[in-house]
Amino acid sequence: MNTPLDTPRTRVQVEVNGSTVVRDVECRKHLVDFLREDCGLKGSHLGCEHGVCGACTVRLDGQAVRGCLVLAAQARGGRVETVETATPGPRLKALQDAFVEHNALQCGYCTPGMLMAALDLVERRPDADREQVRVWISGNYCRCTGYHAIVDAVCTVLERQRAGTLGEEVQA
Amino acid sequence: MKSPAFDYIRATSPQHALALLAEHGDDAHLLAGGQTLLATLNLRLSQPALLVDIGALTQLAGITVSGSTLRIGALTRHVEVEESPLVARHAPLLAQAAPHIAHRAIRNRGTFGGAVAYADPAAEWPACVLALNATLVLLGAAGERRVAAADFFRGVYTTARRSDELLVACEFPVIGAGERHHFSELARRQGDYAIAGLAACARVQGGAAARLGDLRLVFLSLGDRPLRARAAEAVLQAGALTPERIAEADAALRAELDPFADITHSAAAKKQLAATLMRRALSALCKEAP
């Protein structure tokens, strides 16, 4: 194998939380490292680094992805959303509030990934029941809460959304 | 861990990808969805000098039906298979199997062709491809060739695809009248690798003591590739599906399987789980359609 002795680099242009970012990065750099090291966005966490724990979950072109299983180079030309988006929509804000309300975090390491996975669920599966919530977030590990409080928080937001009270509470 | 250094080129056409493979040989790896490749690079299980990203080749993605053939482009994401009305109607086995593949965020990126070409013996798609008697479409410098699923899977991570070829699509015969599909697997947690899994399809006649024809039972996670249980199939198709016949098939299945033990399950336990999956599949296949 002719492993390169240098580390090849490439230019990446990505829209991150609504702003265009252009950086020269190593070809091997993952999206989550790109966000943390090159964009200064430390909200997305790096856990297992091989796609198991979900702590690095962000959205790429509107879909939840593992930040450690996507290269920054692959995201070139794409649109990335992280938990620290400057203008959280009513759903993300409601999820953040519900996590606090239900004590759905302790150390907080899994929380950004959990929120991004939950945001995807609330948008795509508005009718999800408790069991479907559990399946949807099964790819996100939490070692503190035992999950019940997280599921409670997500279900609360789903119920509020179904009742049509999500936007009002955020504005209040 | 961080992956070793590599160069990266985004292919602009299938021919561009083939030219890069020809030029770089074993130093180049194809990158499709990356949900296995990038994880293994992070674990430093391989050290390619170049990743050829075929992810932008949208002409290799998509699901179409033409006549009696359902075609799934190699770059179709797992989630697109999972949510496709065409797949649900014409190849329900695939729709049933999709939710078992890892987790939503991984299904959003991982590709159908990537999983088939990687040929992990614990993966869902290779077993489904074999059970549905699919044809794999491979593109090389000399043009396309077609390989039957039965000839495609050769061993652990090993297929009939040559290293200078691209898997471009899988073609499935659409489900026929009276045919039924059933997929199930056993895993310790949602999304984990299957301890054992079964992709089953058959033509079903009759109710209480049904008769099965064109039965195909393909197990995953029980050998070095997806495995057809031909002895059990033969017993089950020899007459009406009585409890005695099912018991005989159970014995035939245990005799023909030779699974490896894994870190948590002995070979005997895996055989037991395979037999359980077979009984459940028979019951599901024979259940009257609603």
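This is a predicted model: local features need pLDDT of at least 70, side-chain atom pairs count only at pLDDT 80 or more; totals for chains, interfaces and linings use all residues.
Trainee: How are two packed helices described?

Mentor: By the angle between their axes and the distance between the axes. In chain A, the axes of helix α2 (residues 90-101) and helix α5 (residues 148-163) come within 8 Å and cross at roughly 135 degrees. That makes α2(A) oblique to α5(A). The crossing is right-handed.

Trainee: Which residues make the contact of α2(A) with α5(A)?

Mentor: From α2(A), the contact uses A:A94, A:L95, A:A98, A:F99 and A:E101. From α5(A) come A:A153, A:T156, A:V157 and A:R160. By class, the contact has 6 nonpolar, 1 polar and 2 charged residues.

Trainee: What span should helix α12 of chain B have?

Mentor: Helix α12(B) covers residues 267-286, and at 1.5 Å a residue its 20 residues should span 28 Å. Its end C-alpha atoms are 29 Å apart, which agrees.

Trainee: Which residues of α12(B) are buried?

Mentor: The general idea first: an α-helix has 3.6 residues a turn, so residues three or four places apart point the same way. In α12(B), the buried residues include B:K270, B:L273, B:A274, B:L277, B:M278, B:A281, B:L282 and B:L285. The buried residues of α12(B) pack against strands β11, β12 and β13 and helices α10 and α11 of chain B.

Trainee: How many residues of chain B are in contact with chain A?

Mentor: There are 28 from chain B, in contact with 30 of chain A. On the chain B side, β1 (7-10), α2 (37-42) and α6 (104-107) each supply at least two residues. That side has 12 nonpolar, 10 polar and 6 charged residues.

How values were computed: Residues are numbered from 1 along each chain as its sequence is written. Chains are lettered from A and ligands numbered from 1 in the order in which they are written. Axes are lines fitted to C-alpha atoms, for helices over the stretch in contact, and angles run from 0 to 180 degrees between N-to-C directions. Helices (H or I, at least four residues) and strands (E, at least two) are DSSP runs, numbered from the N terminus. Angles under 35 degrees count as roughly parallel, over 145 as roughly antiparallel, 65 to 115 as roughly perpendicular and the rest as oblique. A crossing is left-handed if the near helix is turned anticlockwise from the far one by less than a right angle, and right-handed if clockwise. Two residues are in contact if their C-beta atoms, placed from the backbone, lie within 7 Å. Ala, Val, Leu, Ile, Met, Phe, Trp, Tyr, Cys and Pro count as nonpolar, Asp, Glu, Lys and Arg as charged, and the others, Gly among them, as polar. The expected span of a helix is 1.5 Å times one less than its number of residues. A residue is buried if 20 or more other C-beta atoms lie within 10 Å of its own, exposed if 12 or fewer, and partly exposed in between; C-beta atoms are placed from the backbone.
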